[in-house]
Amino acid sequence: MLVKFFKLCLFVFVLVSLIALGTSVLCAQNVELKLATWHWTEPGRGDALKSMCETFTKEYPNITIKPVSLPYARYQDQMMIQMAGNEAPDVLVASDIMFFSFMNLGYLLPLDELINLKALEPEFLDAQKIAQINGKTYGIATEYVTYALLYNETLFKEAGIAHPPTTPEEFLEDAKKLTKAPEQYALGTRHSMNEEGGWWYEMSYWVEGFGGKWTTDAKPSVNTPEVINGVKFYKEMYDAGIFPKGVDAATYRRMFWQGKIAMLTDNQATFFLALSSNPDLNIKAAPSPFENKLTNAEIVFYTIPKSAKHPKEAVIFLNWFYRNLKDYGLGVENVVGSKSANKIILEKLPYLMTFVEAPLADNGGILPKGYETRLPEFRHIVLNHVTSVLVNNADPKAEMDAAQNELLNLE
Amino acid sequence: MPRKRRHFPSKNSRVQRGVWTQILPYILVTPIVLLVVVFVLYPIFQSLIISFYDSRSLIPQVNDYAGLKNYAWLFTSSSTLVTLRVTLVYVVGTVICSVFLGLIAALLMNISYRGRGLARVAIIVPWATPLVASALIWFWMFDPQYGIINYFLHLLHISSQGIQWLITPQWALLSVILVDVWRIFPFGAIVLLTALQAVDANLYDAAAVDGAGSLSKFFYVTLPSIRPSLAITILLYTIWGMKRFDTIWILTQGGPLDSTGVMAVQIYREAFRNFRIGRASALAIIGALLSTIVTFYYFRMGSNHEKV
C-alpha cells in the first residue's frame, strides 16, 4: 500500500516537473519586449505605433511588445530612476533633451556593434548625426518635427500683403500692418519665464535666423554680434506691440485659429491642430523670414538602455522598425518633417514641404553643442538676461555679455 | 448579611500590571513613531546623505561623492542670496497680510448681523477651491491684454496701458503674494474666529465697567485672549510659506528674473530641471533647518509668554 502511494507521489511529481519545464521552455522562447514611450496614449502616434507593433509580432511571433506608458511630464524622471535601478525597458524612446541626459549618465548602449548602421545609412534622417557622440551612435532618430512660419492668408490679404515675409525687415513691416490691438495681433509667441522651454524654441528661431549660435566649438557664444542682433530684433518686436504680452501658448494658439493672430512660428502639429479646430481657417506654412531659412527641430530617438533585459530582441525590433519607418509615417497623420513624411498629406497640402525642406540649425537648433546635458541651466541663464532686455530695457550687449560670463563660469 | 469578600490582587499580578502600565504608552506611540521614522526622518536623513553627492542622476553613485561641495556652492553663489531674499519677502508678505486679513474676517464673522452665515461660507470659498483651479483663474485674471484686473484698472482710469502683472519683476512677486494671501487667509479667519468665540464675555463687561472703549477692549481683552491661536496661525503660515511651490510654479515658475524664485521653486528647479539632486538636497536641508529654527523660536516665545 505504502509502495503504491509512494509510486503515485513520484508520478505526480514527475508530471508536474515536466509541465513546469515545458512551460518555462515556451516562455523562454516568447520574449516580452518592453517599449517605453509617452507616445502610447497620443491619439495619432499611439495608434500608429500599436499597429506597427502588431505587424512586427506577426513577423516575429516569438517577440511581443509590452507597452510601458508614462505621461511626458513624468517620463524622464521615471526612466532615470528605472535605469539607475537596472530596471530599464528594452527599447526606450527619448526626446532630444532626454537623449543627451541619458547618454551622459551612461545609461544607453552604443549601437555601433549591435546594428549594421551602414546598411541603414541611406534611410537615415537628417537629424541622425546628432545621435553620434564621440564616434559612437547611441540612438536612431525616427522622426522630428520642424518649425516654420504659419500664417493666415485671409488676414494677409485683408492687410494688402501679397506674400509671407522673406526678410526680418519685411516681417516687421508686415507685422505692423497686421496688428490691430487688442482685437488682432500679427504674431503669437512665448516670451516669459513661465513657459521657459517653449520660449527657448522661439528665441532660438530668431537668433539662428540672424546667424547666431548658442555655442561655438562647444563653448558658449551668446554675446556674438549675430546673437545680439537676434535679441535686439526680438526686443524690437516686443516694443512694437505686434504680439499680445503675457499671453501663454495655449491662448495665442487658440487666438490663431480664431483668426485673431496672423502668424505663428510653430511646428506642424500646431498647424494640424489649428485646422482641426477651425476647418475654415485659411492657413499656410512658409520658410523662416531669413536668408539661411534655418529651422529648429524636436527629435525623437529610439535607444536601447544598458540594463535592457533583451538587447538582442531590441536590436531586431529597431532594425525592423527603421526599415518600415515610412509605414509609421503614413500611420501618423501629421508627421511631415522627416523622411518618414506622410506623402499623401504632402500631395494634398504641398506648402507643407516647407517643414520637410527646411534646413536644420546646428544640433537641431535648441541644443547648444557641448551643453546638451545642461540645457535647462543654459537656457535659464540666457532667457533671464533676455527678460532683462525686454522688461527692464537693459542694453542687449551688456546683458548678453553678462550671460556669456555666467555660462563660462557654470560649474 | 455576609460581607462581600474583597479580592486583593496577588503580588505577581500587581507587578504585571505595573509593567504593563509602563509598557502600554510605548506600544501606543509605536505606530506613529514608526510612521515618523519611515516617512519623515528617513527621507530627511537620505536628503542629508544625497546633499554630499554631486550627481546629474536622480540616484547618485558612490563616485559622485563630493563632500561639502554643494554647501560651499550654496554659501558662495549669488543666486542663493537672491533665493533667500525672495523667500523672506514672500513669507513676511504673505504672513502679515494673511494674518491681518484673517483677523479682520474673524472679527466680522464674530459679530451678529443678518447674512452672517452666508458671509462665513463665502470667506471659506478661497480655502476650499482646488489650488490648481484657483491659480489658473488668477493667471487669467492677471492677463495683461484680456484679464479682468487690467480691465478694471482701465475702467477706473488708473492705468490705460494696464500692468504686466506676471511678466515684470516689479509686479510678479506682489501678484504671487496677493494670490496666496487670498487663498490662505480663510484658514486664519476660522482659527481666530474659534478663539474669539472662546473669549469670556465677562472680560468685556468688566472692561466696559472700567470705561474701556472698543479699541481698548480689542487691544487689552481680545488680542491677549486670542494670542495662542494667533501664534499658531503665524507659525503655520510661516512654515507653509517657506515651502510654498504650487501657486508660484503655476503662475510664474519662479520668473521673471528669478523675482518669484522662492526656496521650494529653486529646489524643484535644481532637482527636476537641472537634475542636480545634490544641490537640491543641500538647499532643502538649509530650508528644513530654517523652518526648524522658526518653529523653535515661536515655541520659545510662547513658553516665555506663559511664564510671564
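Guide: Just after α9(A), Gly241(A) has a positive phi of about 70 degrees. The model is predicted.

Visitor: How do you know that the span of helix α9 of chain A agrees with its 16 residues?

Guide: The expected span is 1.5 Å times one less than the number of residues. For the 16 residues of α9 (residues 225–240) of chain A that should give 22 Å, and the end C-alpha atoms are 22 Å apart, so the two agree.

Visitor: What makes a residue of α9(A) count as buried, and which residues are buried?

Guide: A residue is buried if 20 or more other C-beta atoms lie within 10 Å of its own. In α9(A), Val227(A), Ile228(A), Gly230(A), Val231(A), Tyr234(A) and Met237(A) are buried. Their cover includes α7 (168–178), β7 (185–188), α8 (196–209), α16 (375–392) and α17 (396–408) of chain A.

Visitor: What makes β6 of chain A and β11(A) a pair?

Guide: Two strands pair if DSSP finds at least two bridges between them. Strand β6 (residues 140–152) of chain A and β11(A) are joined by 4 bridges, so they pair, and they run antiparallel. In β11(A), Lys284(A) is the bridge partner of Tyr151(A).

Visitor: Which residues have the most contacts inside the largest nonpolar core?

Guide: That core has 167 residues, and those with the most contacts inside it are Val91(A), Ala141(A), Leu150(A), Ala186(A), Leu187(A) and Phe301(A). Helix α7 (residues 169–197) of chain B gives the most to this core, with 11 residues. The core also draws at least three residues from each of domain 1 (32–138 + 298–348) and domain 2 (148–295 + 369–408) of chain A.

Visitor: What does Ala186(A) touch?

Guide: Leaving out residues up to four places away in sequence, Ala186(A) touches Ala175(A), Leu178(A), Thr179(A), Ile242(A), Phe243(A), Ala262(A) and Met263(A).

Visitor: How many residues of domain 1 of chain A are in contact with domain 2 of chain A?

Guide: 8 residues of domain 1 of chain A are in contact with 7 residues of domain 2 of chain A. Helix α4 (residues 96–104) of chain A gives the most to the domain 1 side, with 4 residues. By class, that side has 3 nonpolar, 4 polar and 1 charged residues.

Visitor: How many residues of chain B are in contact with chain A, and of what class?

Guide: 25 residues of chain B are in contact with 25 residues of chain A. The chain B side has 12 nonpolar, 9 polar and 4 charged residues.

Key: Residues numbered from 1 in each chain as written. Chains lettered and ligands numbered in written order. Predicted model: local features only at pLDDT ≥ 70, side-chain atom pairs only at ≥ 80, totals over all residues. Core = buried A, V, L, I, M, F, W, Y, C linked by C-beta atoms within 7 Å. Buried ≥ 20, exposed ≤ 12 C-beta atoms within 10 Å, placed from the backbone. Helix = DSSP H or I, 4+ residues; strand = E, 2+ residues; numbered from the N terminus. Domains from an automatic or database assignment. Contact = placed C-beta atoms within 7 Å. Nonpolar A, V, L, I, M, F, W, Y, C, P; charged D, E, K, R; others polar.
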